[in-house]
Amino acid sequence: MPESAVPKGCPLDRILKFFAPQWTAHIVWVLGQNGSLRFSELSRAMPGDISARVLSARLKHMEDLGLVGRVDAGVYPLNVSYSLSDEGEALHRLLLRIDQLADETPLPAALANLRDQAPE
């Protein structure tokens, strides 16, 4: 095969790179399943032990990408809620489809127990 015909990288790299940082897929999943949530509600709905600093950084990054909307009620104490944008909803639908495929597709024995493990 000529070298120019050899694909460079995987076409899924962009999506996988986005979901690679820990908690990113979980944030999309939780917001997609629950709709608009305040920061504290989102934090409590996350599996495992995510720090406020990490959650805030992930939300800010996703907001900068246009995947998450942030609404400040403009009152004291601070009342901010987060929800998925239309593009964020598209990512949530992608996660739902991946979950469906995972249920329908037998995994290799070496990976079979991964679905039951909690995130680190």
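In helix H5 of this predicted model, the buried residues are Gly88, Leu91, His92 and Leu95. Viewed down the H5 axis, these buried residues fall within an arc of 100°, so they line one face of the helix. Asp86, Glu87 and Arg93 lie on the other side of H5 and are exposed. The buried residues of H5 pack against three elements: helix H1 (13-19), helix H2 (24-34) and strand E3 (80-84). The length of H5 was also checked. H5 covers residues 86-104, and its 19 residues should span 27 Å at 1.5 Å a residue. The end C-alpha atoms are 27 Å apart, which agrees.

Helix H4 was examined in the same way. H4 comprises residues 52-64, 13 residues in total. From first C-alpha to last, H4 reaches 18 Å, close to the 18 Å expected at 1.5 Å a residue. Val54, Leu55, Leu59 and Met62 are the buried residues of H4. They cover an arc of only 130° around the axis, which puts them on the same side of H4. Arg53 and Asp64, on the other side of H4, are exposed. The packing partners of the buried H4 residues are H1, H2, helix H3 (39-45), E2 and E3. Just after H4 comes Gly66, with a positive phi of about 80°.

The strands form a sheet. This sheet is open, has three strands in the order E1-E3-E2, and is paired antiparallel. Strand E1 (37-38) and strand E2 (68-72) are the edge strands, each pairing on one side only. E2 and E3 run antiparallel and are joined by five bridges. Within this pairing, Gly69 stands opposite Ser83 of E3. H2 packs on the sheet and touches E1, E2 and E3. The direction of H2 makes about 95° with that of E3.

The chain as a whole was then considered. Its secondary structure comes to five helices and three strands. Along the sequence, these elements follow the pattern α-α-β-α-α-β-β-α. The protein chain has 120 residues, of which 22% count as buried. Among contacts with a separation of 6 or more, 52% are between residues 24 or more positions apart.

Methods. Residues are numbered from 1 along each chain as its sequence is written. This is a predicted model: local features need pLDDT of at least 70, side-chain atom pairs count only at pLDDT 80 or more; totals for chains, interfaces and linings use all residues. Side-chain values use heavy atoms; hydrogens and water are left out. Helices (H or I, at least four residues) and strands (E, at least two) are DSSP runs, numbered from the N terminus. The expected span of a helix is 1.5 Å times one less than its number of residues. Buried means under 20% relative accessible area, exposed over 50%, partly exposed in between (1.4 Å probe, protein chains only). The arc is that of the directions from the helix axis to the C-beta atoms. Contact means heavy atoms within 4.5 Å. Two strands pair if DSSP finds at least two bridges between them. Axes are lines fitted to C-alpha atoms, for helices over the stretch in contact, and angles run from 0 to 180 degrees between N-to-C directions.
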